[in-house]
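These are my notebook entries on one protein chain. I set down what I looked up, entry by entry.

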Amino acid sequence: MVPIRLVGAGVVLLTIGCFTAFANADDSKIVGGTTAQERIPYQISLQVLVNSFFGFGPKKWMHNCGGSIVNEYYVVTAAHCLDGMELNRMSIVAGTNDLRNDSSKGTRYFLESYMIHPDYIELNRSDIGVMRTKQQITFDQNVQPIRYSSDFVGGGVTCLLTGWGYTMPIRIGQTPKDLQEAELTTITNDQCRERGMPVNPTEICTFTRVGQGACGGDSGGPLVCNNQLSGVVSYGTRYCGIGVPDVYTRVSEFDSWIQENTQVDSTQSDTPPAEGS
């Protein structure tokens, strides 16, 4: 079984090229999920600034990964969503389930910095990072932080996965504009290894049924168990929802690291940067 990162549309555009012009993903579900009917106030869209029309058109923001707000300046996501990225080509959008019209229904925040866990090895371990926004994130009924878990989550726990990842097993076309959700069940790490995924103790797996699971564009997003952030979407297989577990970074293994690296400086300036800076 060959693991693959679950990053979003920006990566797929580079890897499959012209096929994106002709294929449109089913807009009804995360693979096997449904359109989220309620706000997920901690969920953000991590977006990258790219040239449209295969690199020759005007620049536009494109969804690439998910993430979770943990306080008024910091967001938790996957390390592989940040690795090698330029700050001036990244932003987050908070406060909306709808990414239509350049995510105008939400609020865009630009990034001051990001940090990747020092032990991160791609498709192997410690796939977690934090981002700091330039502006303080404004909390209201649509935007709220989530508590991250220090509790170990075993098998057989029902959790909520949300994201704007691909809705078809093959990652072609566009990611959905409406936030998707699915209730998934955790399995033990031994069960995960028996199903072909070489996980370690700092990871957690879900498997509910064939035809359901995370896909490209869900990376970095939240797996919420018992109303706490328990997993960060990390990797799966090349084809989504085909009966192989999805793997997440186990947040309880990194709660101290998150706490240490998301301290808020009260002297932070709230001056908004110009868009695209």
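Are C215 and C240 buried or exposed? I looked up both cysteines in this predicted model, and both C215 and C240 are buried.

**Entry 1: the C215–C240 disulfide.** I found that a disulfide joins C215 to C240, with an S to S distance of 2.0 Å. The torsion about their S-S bond is about 70 degrees, so I recorded this disulfide as right-handed. C215 lies in the loop between β11 (203-206) and β12, while C240 lies in the loop between β13 (228-237) and β14 (246-250), so the pair ties together parts that are 25 residues apart in sequence.

**Entry 2: the C159–C225 disulfide.** I next looked up the disulfide that joins C159 to C225, where the S to S distance is 2.0 Å. Its torsion about the S-S bond is about 105 degrees, so this disulfide is right-handed. The pair links distant parts of the chain, with C159 in strand β9 (residues 158-163) and C225 in strand β12 (residues 222-225), 66 residues apart. I noted that buried means under 20% relative accessible area. C159 has a relative accessible area of 2%, so it is buried. C225 has a value of 1%, so C225 is buried.

**Entry 3: the C65–C81 disulfide.** A disulfide also joins C65 to C81, at an S to S distance of 2.2 Å. I read a torsion of about -90 degrees about the S-S bond, so this disulfide is left-handed. C65 lies in strand β4 and C81 in the loop between β5 (74-77) and β6, so the pair ties together parts that are 16 residues apart in sequence. Both C65 and C81 are buried.

**Entry 4: the pairing pattern.** The structure holds four disulfides. I numbered the bonded cysteines in sequence order, and the pairing is 1-2, 3-7, 4-5, 6-8.

**Entry 5: strand β3.** Why did I record strand β3 as largely enclosed by the rest of the structure? Eight of the nine residues of β3 (residues 43-51) are buried, so the strand is largely enclosed. β3 pairs with strand β4 (residues 59-69) in the antiparallel sense over nine bridges, and the bridge partner of Q43 in β4 is S68. Five bridges join β3 to strand β6 (residues 90-94), again running antiparallel. In β6, A94 is the bridge partner of I44.

**Entry 6: confidence.** The mean pLDDT of the protein is 85, and 82% of its residues reach 70 or more. Over residues 9-29 the pLDDT is below 50, and this stretch has 48 contacts in the model beyond near neighbours in sequence. Residues 269-277 also have a pLDDT below 50, with 21 such contacts.

Conventions. Residues are numbered from 1 along each chain as its sequence is written. This is a predicted model: local features need pLDDT of at least 70, side-chain atom pairs count only at pLDDT 80 or more; totals for chains, interfaces and linings use all residues. Side-chain values use heavy atoms; hydrogens and water are left out. Buried means under 20% relative accessible area, exposed over 50%, partly exposed in between (1.4 Å probe, protein chains only). Helices (H or I, at least four residues) and strands (E, at least two) are DSSP runs, numbered from the N terminus. Two strands pair if DSSP finds at least two bridges between them. pLDDT is the predictor's confidence in each residue, from 0 to 100. Contact means heavy atoms within 4.5 Å. A disulfide is a pair of cysteine sulfur atoms within 2.5 Å.
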